[in-house]
Amino acid sequence: MLILHCPYCGVDADETDLHAGGQAHLKREGPGSSDDAFEDYLFMRENPKGVHFERWRHVYGCGKWFHAARCTATLEVFGTYSAQTLEPPQDIKDKISGTRPGWSWGIFK
Amino acid sequence: MKRYSAFAIAREAMRQHTGWDRAWAKREPKKKYDVIIVGAGGHGLATAYYLGKNFGITNVAILEKGWLGGGNTGRNTTIIRSNYLQDPSAAIYEKARSLYETMSQDLNYNVMFSPRGVIMLAQTQHEIRGYQRTAQANALQGVKTEWIGPKRVKELCPIMNIDGPRYPVLGGLYQERGGTARHDAVAWGYARACSDMGMDVIQQCEVTGVRQENGKVVGVDTSKGPIDCDKLGMVVAGHASVLAEKAGFRLPMESVALQALVSEPIKPCMDVVVMANTVHGYMSQSDKGEMVIGGGTDGYNNYTQRGSFHHIEETVRALVETFPMISRLKMLRQWGGIVDVTGDRSPILSKTPVDGIFVNCGWGTGGFKAIPGSGWAMAELMAKGQSPLTDEFSMFRFREGKFIDESVAAGVAH
């Protein structure tokens, strides 16, 4: 069972208390964006075998959305962090670099 | 290749079974092939088989990272049906189902196709309307399905409790010629036929890179060295995104785990396949007597071929209401596979941004039933550059807004 720490209410929540919300850090497109940008935003998803950043909602808890950094190849959790940010915090990036040097994900590395 | 037959069994029985050939040859890669197929699962092998059979292209290698049929081909619940709502889906799935009817004869390999009938249960008013609509659509598409009432459901499957307190059975969409087949045998049969045509099935050969010149594919780098090719078919299901990245393009899909389980073997009690989509469970009985049970996917990306335990619990709990007799069954084993799910839950059979590379993926939770049709269509696409069966399944359909919306009609919760 996947267990994620909710950064808002501080609970270590079981997977059954959570709802997965897909890829994190999507760049929202709007009027004036190109077709390519819209295709990326709406349909293209990072699908790495390795480091992944995701949105989760503590649905049977505090109800808040947060972000998680996970490995899809080992199910290791690197950490969770606030959804009120445009990129993963440096301490989580450092933690990932510790075990997976040279990793990259979308525009982050 | 020596043909399998009753006579062959009798002949071998007389001489201690010493005369059987290897089903397919063990080969090392040549320097160059006309076509390389990556992925020796059902879809990849079927693609190679129909390239040879329908288009005479036999200078083909099928590369497999693990072992033959060891991915989703060996991990599904073996259900075959074609009762889809949208025309493009019905066309390719019905092509597949009809090819299953004669596959054992075509391949001279017993794939144990058993058209025992498939019932998709309607347990809400919404499902009644949905399945009646699908039955009408199927009639127009030439796919034989029918809407049946609860009494007929009970006749077809007496172990079912149709008066469940939460979700009573209100009817069902019945496809009489749907059923099951032996999943491993489908891969083995195609591999044997491909090998017989002179194709090389190469296992434990992982593709590590895709070589291109001027926007055209020229070969692949593998764990057994570089191999050149004119055309490359990527048929790797859950790892499609990983392979596409090596070729320098992205696919609109995500990989998640889907699980299945079987019970201890019991006496024959159920001779149809039943899918209960409202409660996310489906069940059939294998020839060994095990109840074969499948459920829904996890909600998050995963490449580990193991899913969350609570999905197993939810699936079994849901089925117990409709099949009270399974409450005392012990579950024998459980496994997971990595399925590639696209935005509209329909597959991708398509050209790609790289000239000479074709992709066949995105079958998600329902790929086994499609194997022969998928291979047939993919072979035509690769040989001729176009196929009426794949036109609608382009990877570029998303940006054009031409979705094939089967989220409701597909059997499994996504």
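Predicted model: local features only at pLDDT ≥ 70, side-chain atom pairs only at ≥ 80, totals over all residues.
Q: Hi! In chain B, what share of the contacts with a separation of 6 or more comes from residues 24 or more positions apart?

A: Those residues account for 75% of such contacts in chain B. A contact here means two residues whose C-beta atoms, placed from the backbone, lie within 7 Å. Residues are numbered from 1 along each chain as its sequence is written, and chains are lettered from A and ligands numbered from 1 in the order in which they are written.

Q: Thanks. And what's the figure for chain A?

A: In chain A, residues 24 or more positions apart make up 50% of the contacts with a separation of 6 or more.

Q: How many helices and strands does chain B have?

A: Chain B has 11 helices and 18 strands. Both are DSSP runs numbered from the N terminus: helices are H or I with at least four residues, strands are E with at least two.

Q: What is the radius of gyration of chain B?

A: It is 21 Å for chain B, which agrees with the value near 22 Å that a compact globule of 414 residues would have. The radius is taken over C-alpha atoms, and the globule rule is 2.2 Å times the number of residues to the power 0.38. Along the principal axes, the C-alpha atoms of chain B fill a box of roughly 65 × 65 × 40 Å.

Q: What percentage of chain B counts as buried?

A: Of its 414 residues, 53% do. The rule is 20 or more other C-beta atoms within 10 Å of a residue's own for buried, 12 or fewer for exposed, and partly exposed in between, with C-beta atoms placed from the backbone. Helix 1 (residues 6-14) of chain B is hardly covered, with 0 buried among its 9 residues.

Q: Helix packing next. At what angle do helix 3 and helix 10 of chain B pack?

A: Helix 3 (residues 87-101) and helix 10 (residues 371-384) of chain B pack at about 115 degrees, with axes 6 Å apart. That makes helix 3 of chain B roughly perpendicular to helix 10 of chain B. Axes are lines fitted to C-alpha atoms, for helices over the stretch in contact, and angles run from 0 to 180 degrees between N-to-C directions. Under 35 degrees counts as roughly parallel, over 145 as roughly antiparallel, 65 to 115 as roughly perpendicular and the rest as oblique.

Q: Which residues meet there?

A: From helix 3 of chain B, they include Tyr93(B), Leu99(B) and Tyr100(B), and helix 10 of chain B brings Ile371(B) and Trp376(B), among others. The residues of this contact divide into 9 nonpolar, 2 polar and 1 charged. Ala, Val, Leu, Ile, Met, Phe, Trp, Tyr, Cys and Pro count as nonpolar, Asp, Glu, Lys and Arg as charged, and the others, Gly among them, as polar.

Q: And how does helix 2 of chain B pack on helix 10 of chain B?

A: Helix 2 (residues 42-55) of chain B packs on helix 10 of chain B at about 55 degrees, with the axes 7 Å apart. That makes helix 2 of chain B oblique to helix 10 of chain B. By class, their contact has 12 nonpolar, 6 polar and no charged residues.

Q: Switching to chain A: what pattern does it follow along the sequence?

A: Chain A reads β-β-β-α-β-β-β-α. Its radius of gyration is 14 Å, close to the 13 Å that the globule rule gives for 109 residues, so chain A is as compact as a globular protein of that length. Of those 109 residues, 27% count as buried.

Q: Where does Phe38(A) lie?

A: Phe38(A) lies in helix 1 (residues 35-42) of chain A. Leaving out residues up to four places away in sequence, Phe38(A) touches Glu29(A) and Ser33(A).
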